[in-house]
Each structure stands twice: as C-alpha cells, then as structure tokens.
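Here are a few notes to read alongside the model. Have a look at it before you start.

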Amino acid sequence: MSAETEVLEKPSRKKTDIEFHKPTLSREDLKTVLEALVEDHLSSGSVTHKFEKAFSSTFRTKQVVSANSLTAAYHLSLLALEIQPGDKIAISTFAPLAALDAIFLMQAQPLVVDMGKHSFHMCPERLASALEDESVKAVVLDHTFGSLADFSKYDFKNRPVIEDFSETVGARTETFTPGKQGKISICGLSIEYLITTGNGALICTDDDSLAKKIRARKEGKDPYPRKEGQPRLDYDMIDYQAALGIEQLSNLGVILERKRKIAQVYLQSIQGSQVGSHFNDPNSETFNRFVIIAPGNYEQVERYFRSLQIGTRRTVAEPIHHILELSNSDFPNGERLYQRGHCIPIYPNLTKDNVQRISQAIRRIY
C-alpha cells in the first residue's frame, strides 16, 4: 500500500465533503469590493473604465467594452455584426447558453454543429459543411472547459467569428493566443469562469469600427439612437463589480498555475485506467473545468463519487441539441460527452488531501 493510499484510508481521519466548485475569492478581493461600496460606486463609471483599460493593457487588445452579463455581450456583438432576423448563426451543441439566448433575441436561427470525435470542440468538417448554407452569417466558437481551440484548423469561409475565451483567458501557445483569433472575442466573468465579477462580460476587438458600433448600441447613441417603442439596452457593468474584476485580474497567473498543477495529478491518474479525457496540452490549457469520460451509466458513476463525498457535475445542464429537440443521432459525439462526461473539482482552494482523494477516486472507477 502506498503512502498516498495510507493517508486516504486512515480511519481516524473523518472525511469531509469536497464541494464541486468554490469561487476563488481572496481577502483582498472582498476588501476591494467593500471599499468600492463605501465610496458609493453603485453605478457604471470610472472604475468600470479602469477595468476595461486594465484588461486591454494586460491582453494587448485594442478595444474592450464591458457588459453586465454574458448574454448582453453576445447580444451587443451580434448587433455590431448586423445580424438580421432569420439569419443563421453556427454554434456548437456545447456552446454557452448565453449565445443561444442572444441569437433568439436577434430573432436569428441557431445552426447547431456536433463536436469532433475525441474533442471538446466543434467538428471542423461538420462546420465546413454547415457553412455551405449562405444564410449562415456568423460562427460562435468557444474554448470549452478550458481546452484550447486552434482556429487555424477551421475554414470559416469568410464568416465573422465570435470567439468565447471565458474559460481560457490568460492562456498562450507558440502558435496562437485565445481571445485574439475572432473578429470579436468575449470573456465571461460569472462565478464559474477563471476571473469573476459575480456576473458580467468583456467584449474585445481590434476593429475600431466594430467597437464604435458596440458602444453606440450599448449607450443608445448615434448612429443607433433609441427609437420609439425600442427597449433601452441596460447592459452597464457596475463599478463595484469592476473593482472585483481588477483585483481578480491581478491574481490570474496564480489561479492558472494552481489549476494546471491539479490537472497534472488528474491526468496521471487517468493513465492506464478506463477513464479518458480530451485535453491535449497540459502546459497551455487552462482547465477551467476538468472533464473525465467514464465508461458505463452516468448515474452510476455520479453515485460512486457521491459515496466518496466528492461533488461532481454534468458537463452541461443540457446540450443545445436537446434544448432545440434535435435528433440525438445527428450529434453522436456531443451526446456521448453529455452521457459519459463528469466535471470533477479543480478550483485553486482544493487542499492537497482533496486532490489526492479525487485522484484516487479516478483510478478506482471500475
């Protein structure tokens, strides 16, 4: 019996529940928010502008516009791309639901594309086939779970791409940088992402004309003044949220390093087991969520983890092809990932003992 096993099975130590997720909030984060509240930063103003500038400087993005939700960011982006009612937008069946909601707000149509085999990303061949349809006017492509999607592997046929890099912010490779591959890029800031303001998102682009359109739509200014009967887009981020974002941004490197170290342990546990995953580059990927693909029935594996007091989640609450009541047989790879995929805890506040318990649990599946 190894030393690791002895620690895990020591009868005198009472095991406590390992929660699936905990937001990575430090005392400095909370102090920053409190100071913003004390100074009455309860509207959108100088602190939000400072956050936009800090993000722009950190990631060398020319233009950054804040929004108060991921749905708002997608909606503003689609408006800037001048998507019309009836236009089609290509999205993965595992795309953020905020993207689907924004497409509905535009009265456009989602064209859902299956994942690639042994991949967390949209299948390049299926996307190329979908883009033969001239009514497809844009593509949404995200870095699902923190696994990097290389856009050079896709032929977008001159369609504009919205890149969602919420789960890979801060990642880099030798050949590309997430957040710099799309016409517009979006970084979500809700609690399940790498950095958080509680809710919100940032829209990034190097295209000045697009940024001008996004700001004009958001503020109801020329050339898009608010018309009679047209709702105001109340999409402003609040300053105290932005204050939290500034502090979180400064800690991003530490968060990424910790997640990668935990992921290395999990990847070693998978080797030689019946459990798999689709992560490709442990040195570059951000592992915002760590997904294992286990054989057999989902509920059986979920009960196994629960019996060990380890919280897990499905890969998504529901894939988009389910929501739209499309045939499962048209999405074999997405369906398999939904039926057999399990997200296991990987937040930075996990203790060494927590990580060992989860690693041991992975090795012992079947």
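The points below go through a helix pair, a β-α-β unit and a sheet.

1. A word on the ground rules. This is a predicted model, where local features need pLDDT of at least 70, side-chain atom pairs count only at pLDDT 80 or more, and totals for chains, interfaces and linings use all residues. Residues are numbered from 1 along each chain as its sequence is written, and side-chain values use heavy atoms, with hydrogens and water left out.

2. Start with helix H4 (residues 70-80) and helix H7 (residues 208-219), whose axes come within 9 Å and cross at roughly 120°. Helices (H or I, at least four residues) and strands (E, at least two) are DSSP runs, numbered from the N terminus; axes are lines fitted to C-alpha atoms, for helices over the stretch in contact, and angles run from 0 to 180 degrees between N-to-C directions. Contact means heavy atoms within 4.5 Å.

3. Next, strand S2 (residues 88-92) and strand S3 (residues 109-113) run parallel, joined by five bridges. Two strands pair if DSSP finds at least two bridges between them. Serine 92 sits opposite valine 113 in S3.

4. Then there's an open sheet of three strands, ordered S8-S10-S9 with antiparallel pairing. Its edge strands, S8 (290-293) and S9 (313-314), each pair on one side only. S8 is joined to S10 (residues 341-344) by four bridges, and isoleucine 292 faces histidine 342 in S10.

5. Finally, helix H9 (residues 252-270) lies across S8 and S10, at about 5° to S8. Helix H12 (residues 332-340) lies across S8, S9 and S10, at about 50° to S10.

Key
Right-handed = clockwise from strand over helix to strand, strands pointing away.
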